[in-house]
Every structure is written in structure tokens, then in C-alpha cells.
Amino acid sequence: MTLETIGVGGGCHWCTEAVFTALRGVQTVQQGFINSVPPHDGFSEAVIVVFDPDTIPLKVIIDIHLRTHAATSNHSMREKYRSAIYTYSDEQSENVDQILTELQSNFDKKIITQTLPFGAFKLSDEKYQNYGVKNSNGQFCKTYIDPKLSMLRVKYSKLVKS
């Protein structure tokens, strides 16, 4: 099995971690902050996803990412929640750009998600790791994480872990 690594950010990393942790074929999810090259060298909430592309293709990873954050909204919190896919090679970057172009037809508004080279990563504090699991009955999870997981169970039922 050959694993692939990608970084994704766009919304709260607690939510993003919960979404990708719920998927078959995802081996690990690290929650924290990612930066890229200038002018995107400030750290922004994101996760690193290590996955088996034979079980869950990159196109599906990206589609799920776009559907679980405001991928078409250039809102005022974009510095903290940069809508981006962080790539680890030129080839991966080209592939992501092609996938984003293909997926655009599924959205009424323009996708603002950027393809950026991965720069560095800082892991979140331990108390925030696995936030969705540790706080599943909390109001934040019920309000923000549960609806995303419900959408996954409907749209991607075969990929959601039982």
C-alpha cells in the first residue's frame, strides 16, 4: 500500500480533523497549523491527512474538503482559516489544480480554495487533539461537527468508518 500525504485547511481544524478521521482509507490526521510560501507564510488552521489513494482517491478527499468548509466564501476570517490545499510536490500540485477545475462545475459560486506548497506544520496542543471525540456531546461539536459528519454519512456512506 502506497500512502499519500496532503494538507487541507479552510475552517476550524477541530472540524476538519473530525471529518477526515471518520473516513476509511485515512491512516492519520494531524491537527494544527500550516504555512506556505510568502505571502501565505503565516500559520493557518489546517490538518495533515495521510491516506491510501486506492481506498479514497485524492479527488474524493478534495471534494469532501470543499463541501465541509466555506470553499466559495472569502470571509473576514480567511487569515486564520485559509482555504487551501497544501501540496508536497509539483506533480501533486498540478493534480490538485486539475481536480479543483473539474469540481468547480459542482458549485454555483467560484471556489476560492488555493493550491499552495506545504511550508511547515505546528501541531495543536494535546488538549485539542481529537477534539470531536473528546467533546462529542459538547455544543460546539453538535453545532459544527455533527452536521458535517451527517453529510458524510449520506453522500459518502461507503467511505465512512462504522
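Let me start with V96, which touches I6, L58, I62, I85, T87 and T115, leaving aside residues up to four places away in sequence; contact here means heavy atoms within 4.5 Å. What we have is a predicted model, where local features need pLDDT of at least 70 and side-chain atom pairs count only at pLDDT 80 or more, while totals for chains, interfaces and linings use all residues. Residues are numbered from 1 along each chain as its sequence is written, and side-chain values use heavy atoms, with hydrogens and water left out.

Back to V96, then. It sits in helix α3; helices (H or I, at least four residues) and strands (E, at least two) are DSSP runs, numbered from the N terminus. Its relative accessibility is 0%, so V96 counts as buried. By buried I mean under 20% relative accessible area, by exposed over 50%, and by partly exposed anything in between, with a 1.4 Å probe and protein chains only.

Now for the helix around it. α3 covers residues 90-103, 14 residues in total, and reaches 20 Å from its first C-alpha to its last, close to the 20 Å expected at 1.5 Å a residue. That expected span is 1.5 Å times one less than the number of residues. Which residues of α3 are buried? They are Q92, S93, V96, I99, L100 and L103. Down the axis of α3, these buried residues fall within an arc of 125°, so they line one face of the helix; the arc is taken from the directions from the helix axis to the C-beta atoms. As a reminder, an α-helix has 3.6 residues a turn, so residues three or four places apart point the same way. On the face turned away from the buried side of α3 you'll find the exposed residues D90, E91, E94 and T101. The buried residues of α3 pack against β1 (4-9), α2 (58-67), β4 (84-87) and β5 (114-117).

Let's pick up α2 from that list. The axes of α2 and α3 come within 10 Å and cross at roughly 55°, which makes α2 oblique to α3. Axes are lines fitted to C-alpha atoms, for helices over the stretch in contact, with angles from 0 to 180 degrees between N-to-C directions. Under 35 degrees counts as roughly parallel, over 145 as roughly antiparallel, 65 to 115 as roughly perpendicular, and the rest as oblique. The contact joins L58, K59, I62, D63 and L66 of α2 to N95, V96, I99, L100, E102 and L103 of α3.

A word on F107, in the loop between α3 and β5. At 17% relative accessibility, F107 counts as buried. F107 touches L66, R67 and T72, again leaving aside residues up to four places away in sequence. F107 and R67 are 40 residues apart in sequence and 9.5 Å apart in space, C-alpha to C-alpha.

Next, α1. Of the 9 residues in this helix (residues 13-21), 8 are buried, so α1 is largely enclosed by the rest of the structure. α1 and α5 pack at about 35°, with their axes 10 Å apart. There, W14, C15, A18 and V19 in α1 meet F140, Y144, I145, K148, L149 and L152 in α5.

Two backbone details to finish. The peptide bond from P38 to P39 is cis, with omega near 5°, and P39 lies in the loop between β2 and β3. N130 has a phi near 55°, a positive value in a residue other than glycine.
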